[in-house]
Amino acid sequence: MGVEVFPDAVWAERVASRLGDKINTGNRLCLATGSTPSPIYHRVAETVSLDGMAVFLLDEFGGLEVGDPGRCASMLTRDLIEASRGSPVVHVPDVDAEDPWAAASRYGKLIGAGGIDLAIVGLGANGHVGMNEPGTSIDQRTRVVDLHPATSNAALAYGAAVAPTWGITVGMAELMEATEIWVLVAGGHKTGILNRALHGPVDPEVPASFLTEHDNCVFLVDESAHLTGA
Ligand code: PGA
């Protein structure tokens, strides 16, 4: 596990450039959405062709209308796909299915069948990864989950019409099986939880701490998040 720290002003640009270098036809990426990766995806969309790539959305809120701006698929489209040169094949968990549990299981199998070359995840203010909320174990696979209130509120901040109470997330198990993981962390409001993830015990209450046990995981952090010795 590694940690790289960048000045705030160049963090997004550096991470985007690193992602641009990484992208190759045939790659299978698992991508988080939200405020942290948004500026990175915009930069990548402008500069790199995503033709031939497979993109798996990391998680999705249930109970929101198709096209709701707070849906993770809407954010991925807005931030990356719409503006991108070339068309990747995009896979999303089917939260609109009659049986979301079966849909989650199918999605996990699709990911497991070919694996993930690079997973890009964020760090939730409560320590979650995707929608693997506090209390998750490292071997839990892709599934339907109940959301922590902080995660429901985050959806409202992303523009959701109502606060979702559940979602489908790629599990910690599939993430730990990825060849490589990047954890994106930006902003002073993440300092405390970053510190716990990196320097606290590996703890189901901080699911991001599991990632420190992955052989090829790097936390890409801006100086604001890293301040005060995290
Ligand atoms: P954020 O969310 O990028 O909007 O801070 C991070 C997360 O919940 O994973």
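**Reading the model**

Tutor: Let us begin with E213, which is found in the loop between helix 7 (191-199) and strand 10. Helices (H or I, at least four residues) and strands (E, at least two) are DSSP runs, numbered from the N terminus. Residues are numbered from 1 along each chain as its sequence is written. This is a predicted model, in which local features need pLDDT of at least 70 and side-chain atom pairs count only at pLDDT 80 or more, while totals for chains, interfaces and linings use all residues; side-chain values use heavy atoms, with hydrogens and water left out.

Student: Which residues is E213 in contact with, leaving aside its neighbours within four places in sequence?

Tutor: Contact means heavy atoms within 4.5 Å. Under that rule, E213 touches I138, M176 and V202, its neighbours within four places in sequence being left aside.

Student: How should I read a sheet?

Tutor: Strands of a sheet pair through backbone hydrogen bonds, either parallel or antiparallel. Here, two strands pair if DSSP finds at least two bridges between them. Seven strands form an open sheet in the order 1-10-9-6-2-3-5, and the pairing is parallel. Strand 1 (2-6) and strand 5 (89-91) each have a single partner strand, so one side of each is left without a neighbour in the sheet. On average, neighbouring strands of this sheet are turned by 20 degrees against each other, direction ignored. Angles run from 0 to 180 degrees between N-to-C directions, and axes are lines fitted to C-alpha atoms, for helices over the stretch in contact.

Student: How many bridges join strand 1 to strand 10?

Tutor: Five bridges join strand 1 to strand 10 (residues 217-222), and these strands run parallel. Within this pairing, V5 stands opposite V221 in strand 10. Helix 4 packs on the sheet, where it touches strand 2 (28-31), strand 3 and strand 5, and its direction makes about 140 degrees with that of strand 3.

Student: Where is antiparallel pairing found?

Tutor: An open sheet of three strands, in the order 4-8-7, has antiparallel pairing. Its edge strands are strand 4 (59-61) and strand 7 (143-146), each of which pairs on one side only. Strand 7 is joined to strand 8 (residues 166-169) by four bridges, and D146 stands opposite W166 in strand 8. Helix 4 (residues 100-114) lies across strand 7 and strand 8, at about 125 degrees to strand 7.

Student: How is an aromatic pair described?

Tutor: A pair of aromatic rings is described by the distance of the centres and the angle of the planes. Rings of Phe, Tyr and Trp (its six-membered ring) pair if their centres lie within 6.5 Å; planes under 30 degrees apart count as stacked, over 60 as edge-to-face and the rest as tilted. By this rule there is one aromatic pair. The ring centres of F56 and Y107 are 6.3 Å apart and the planes are at 55 degrees, so the pair is tilted. The pair links distant parts of the chain, with F56 in strand 3 (residues 54-57) and Y107 in helix 4, 51 residues apart.
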